[in-house]
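Dear colleague,

Please find the structure below, handed over together with its sequence. My notes on the contacts between and within the chains follow it.

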4 protein chains.
Amino acid sequence: MLKDLKEQVYQANMALPDYGLVVFTWGNVSGIDREKELIVIKPSGVDYKDLTPDKMVVVDFDGKIVEGDLKPSSDTATHIELYKHFKDIKGVVHTHSPWAVSFAQAGIDIPAAGTTHADYFYGDIPVTRPMKKDEIETEYEKQTGTVIIETFEERQINPNDMPGVLVNDHGPFTWGSSPDNAVHNSVVLEQVAEMTYHGMQLNREGVRMDQHLLDKHFLRKHGKDAYYGQK
Amino acid sequence: MLKDLKEQVYQANMALPDYGLVVFTWGNVSGIDREKELIVIKPSGVDYKDLTPDKMVVVDFDGKIVEGDLKPSSDTATHIELYKHFKDIKGVVHTHSPWAVSFAQAGIDIPAAGTTHADYFYGDIPVTRPMKKDEIETEYEKQTGTVIIETFEERQINPNDMPGVLVNDHGPFTWGSSPDNAVHNSVVLEQVAEMTYHGMQLNREGVRMDQHLLDKHFLRKHGKDAYYGQK
Amino acid sequence: MLKDLKEQVYQANMALPDYGLVVFTWGNVSGIDREKELIVIKPSGVDYKDLTPDKMVVVDFDGKIVEGDLKPSSDTATHIELYKHFKDIKGVVHTHSPWAVSFAQAGIDIPAAGTTHADYFYGDIPVTRPMKKDEIETEYEKQTGTVIIETFEERQINPNDMPGVLVNDHGPFTWGSSPDNAVHNSVVLEQVAEMTYHGMQLNREGVRMDQHLLDKHFLRKHGKDAYYGQK
Amino acid sequence: MLKDLKEQVYQANMALPDYGLVVFTWGNVSGIDREKELIVIKPSGVDYKDLTPDKMVVVDFDGKIVEGDLKPSSDTATHIELYKHFKDIKGVVHTHSPWAVSFAQAGIDIPAAGTTHADYFYGDIPVTRPMKKDEIETEYEKQTGTVIIETFEERQINPNDMPGVLVNDHGPFTWGSSPDNAVHNSVVLEQVAEMTYHGMQLNREGVRMDQHLLDKHFLRKHGKDAYYGQK
């Protein structure tokens, strides 16, 4: 079942090492069939070189395995929470990419500092609050999703305009209109983290960009008046 | 038309990912036929792997497409402004190369700190002032060119001696005697930004080089008494 | 003798340049046959490209060569001390990987700053005290092992929960359940050092993670209740 | 003439881009025949991909071309000064490798911070004083050599124990027992600069290593009691 989606999710997973976003098995990509409410995700702890489309695992919104011989990614419950609450997204990526993790470990947002950022992320990329002891001890992976959603609600951020987050002392999750698009956003987030880190070392107080430049660049590529690219 | 120039511009665009200056489609190179006043430029948002010389777009000084089935780079109006005002240049490059962007986002010049810099850039590499709301909202890409030219005029910098600039909170533009030479200057600017960043972390106040060393190195490679290289 | 172990140790040594952990001959891996109390280790100062499984050297717990035509790694005595005192380990790696060395040269622990760290290292990765003049002048390499063991004893760290250490002003040693697993831990240590370095520049006081998050991640992958990976 | 030495110098030049020490033509290696007092050096401004052993230029101690159709490296006069005054060296390398240049531009020594450094460089790697206006304007490249030699004399450093230097606001020169060995030292200097830079950001005052550890490591690999490597 879901042969096409498995292929897409497989290709998107394989792109992670190609883009230098993961070492070993430190990353996972999923995709969703919104009609069937079924999620296809990488199996847990399997080397990228041993992956095949057939090894992708299909789970439902309760995390139950619907198809597949392997255990799904240990982060599956986080993916499910994101799909449940961010209704438009169709792909989710989690990595430990080093620049994004540096901000996550520092516990600070990546400030919107320039047009590269603004082309994809409409505002500062938020870091979640530290998780509480009981959140960590009970249903940790699900609670990781809950704290992401709480962050977006409390700060009134639209996940369609902000396709990524930093989980405190952990690392980035990104999402998008497809598994491939979610990987794309993961690459951008890593680049932006690297450039903004260095800008902050040069001029900590001066890196934040003006709001009208942020508006211009985000809306040049997104929304009804977008004019970047072909057609 | 302009078959040779299209080939040059194509090759120069393809060099950007080879030198590690771009990810995805974040860069563009153009060249100009000064007699015909026609500019050849990369199409907008097309992957480097899908480029061919035939896909290059030809535009005139008004930005009108003279030849080509695709939309030209969204930065075309900036390129045109540079060609109009910097009369000697024959190639222009724009990238989001990470070290140069770090300075652009910090909003500070790259100080002339050593002989690598002085071999190519005769003084601090300038960063433009932040653009104003109305400049961003109306003819943004053209105004980006205007603010570059304003920077060179107000600071009395000769663009032939300073083949690059940082657009505030955005990234670098470089130029040169050909599309290939403009790419060369883009590589140098990125290297110089990396080295000077680290020098500034070691000794912020002490990185600026002496004027006579700057003179020596720039003039050793440029102008009538140059003696670097063959003949 | 020990044909399988030689092959394992050879493969683990060859992985060091593949992972970018060494330049020239700056690294060595060993493995142990616990029953025979024999150690297989890389020969001293031999280029990786010239290594073969046959060139691995077999030594006993006194450092005496039991088999092999070449001198063993100059760090052999350190490896032996680690095997003698850390009874469960079966592989040891030493490198001069740059991020780990940066912390070793700064003489500071790598603080447990996030889940990547916590998945492998149960607490701050310790740096040893500087060695004393007489320790350096007499049996230096053996004393290097002694000071590592002293660090673990004084700070009451279990080497099974902390598979690595930074030798002050020198570099990292890691270990594990096999030569390959020790290399794996060396890769992780280098990644963690890189990410935590950058986190510390962003927020020096704020990088240390909460204890319950550290517990969660370490125990999710280690010990009787581990649930990461396949079975 | 000097066919073997040309081959050695050619190979050593080609190693520079392989080790990532140069971009474009920013580096040169020479070798010397001490009996004939003839120096073989890279031609000026020629791309590495166009080099052949035959294109190497032979010059004497006055800088006169003894053989070769191309102009020698613009840095030839510096190489000659080093060979004249440092009697034991047989190869010289100049690069603009980024980490070494960062220290050169900051105008500070690379402090001896750990055993990687101590294995090759017996003390802090010195930076020269800034050159004076008249030194730069008259016989600049020769004076660059003079200021290096002055640095070693005034600070009483033995060039056989310290095979490299940073020219202020310029970059590194290294040397050694052969062209290949000089390249080796250039690779090490770059690695050491990178690691010590990061150590200094973590603990500026605490990076300098103890003298007895420096003695131990340098003498373990150099001099009559060396015991590292085979034989």
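Across the interface of chain D and chain C there is one salt bridge, meaning a side-chain nitrogen of Lys or Arg within 4 Å of a carboxyl oxygen of Asp or Glu. Its partners are C:Glu141 and D:Arg220, whose closest N and O atoms are 2.7 Å apart. Please note that this is a predicted model, in which local features need pLDDT of at least 70 and side-chain atom pairs count only at pLDDT 80 or more, while totals for chains, interfaces and linings use all residues. Residues are numbered from 1 along each chain as its sequence is written, chains are lettered from A and ligands numbered from 1 in the order in which they are written, and side-chain values use heavy atoms, with hydrogens and water left out.

The interface of chain D and chain C

Nine residue pairs, both residues at pLDDT 80 or more, are in polar contact across the interface of chain D and chain C. A polar contact is a pair of N or O atoms within 3.5 Å; within protein, one must be able to donate a hydrogen and the other to accept it, and residues adjacent in sequence count only if both atoms are side-chain atoms. On the side of chain D that touches chain C, at least two residues each come from helix 4 (115-118), helix 7 (179-202) and helix 8 (211-221) of chain D. Helices here are DSSP runs (H or I, at least four residues), numbered from the N terminus. Helix 7 of chain D gives the most to that side, with twelve residues. Sorted by class, the side of chain D that touches chain C holds 13 nonpolar, 15 polar and seven charged residues. In this scheme Ala, Val, Leu, Ile, Met, Phe, Trp, Tyr, Cys and Pro are nonpolar, Asp, Glu, Lys and Arg are charged, and the others, Gly among them, are polar.

In this contact, 35 residues of chain D meet 35 residues of chain C, contact being heavy atoms within 4.5 Å. Chain D and chain C bury about 3000 Å² between them, of which carbon and sulfur atoms give 54%. Buried area is the accessible area (1.4 Å probe) that two parts lose on being put together, summed over both.

The interface of chain B and chain A

Here 35 residues of chain B are in contact with 35 residues of chain A. The area buried between chain B and chain A is about 3000 Å², 54% of it on carbon and sulfur atoms. On the chain B side, B:Phe24, B:Trp26 and B:Gln105 lose the most area to chain A, together 22% of what that side buries. One salt bridge is found across this interface of chain B and chain A. B:Glu141 and A:Arg220 meet in a salt bridge through their side chains (2.7 Å, N to O). The elements that give two or more residues to the side of chain B that touches chain A are helix 3 (98-106), helix 5 (133-137), helix 6 (140-154) and helix 7 (179-202) of chain B. Helix 3 of chain B supplies the largest share of that side, seven residues.

Salt bridges within chains

Over all chains, the structure holds 44 salt bridges. One of them joins A:Arg208 and A:Asp124, with the closest N and O atoms 2.5 Å apart. A:Arg208 lies in the loop between helix 7 (179-202) and helix 8 (211-221) of chain A and A:Asp124 in the loop between helix 4 (115-118) and helix 5 (133-137) of chain A, so the pair ties together parts that are 84 residues apart in sequence. In chain C, C:Glu81 forms a salt bridge with C:Lys84 at 3.9 Å between the closest N and O atoms. C:Glu81 is buried, at 6% relative accessibility, whereas C:Lys84 is partly exposed, at 28%; buried means under 20% relative accessible area, exposed over 50% and partly exposed in between (1.4 Å probe, protein chains only).

Aromatic pairs

The whole structure contains 32 aromatic pairs over all chains. Rings of Phe, Tyr and Trp (its six-membered ring) pair if their centres lie within 6.5 Å; planes under 30 degrees apart count as stacked, over 60 as edge-to-face and the rest as tilted. C:Tyr122 and C:Phe218 form a stacked pair, 4.7 Å centre to centre with 15 degrees between the planes. Ring pairs also link A:Tyr19, A:Tyr120, B:Phe24 and B:Trp26 into a cluster.

Yours sincerely
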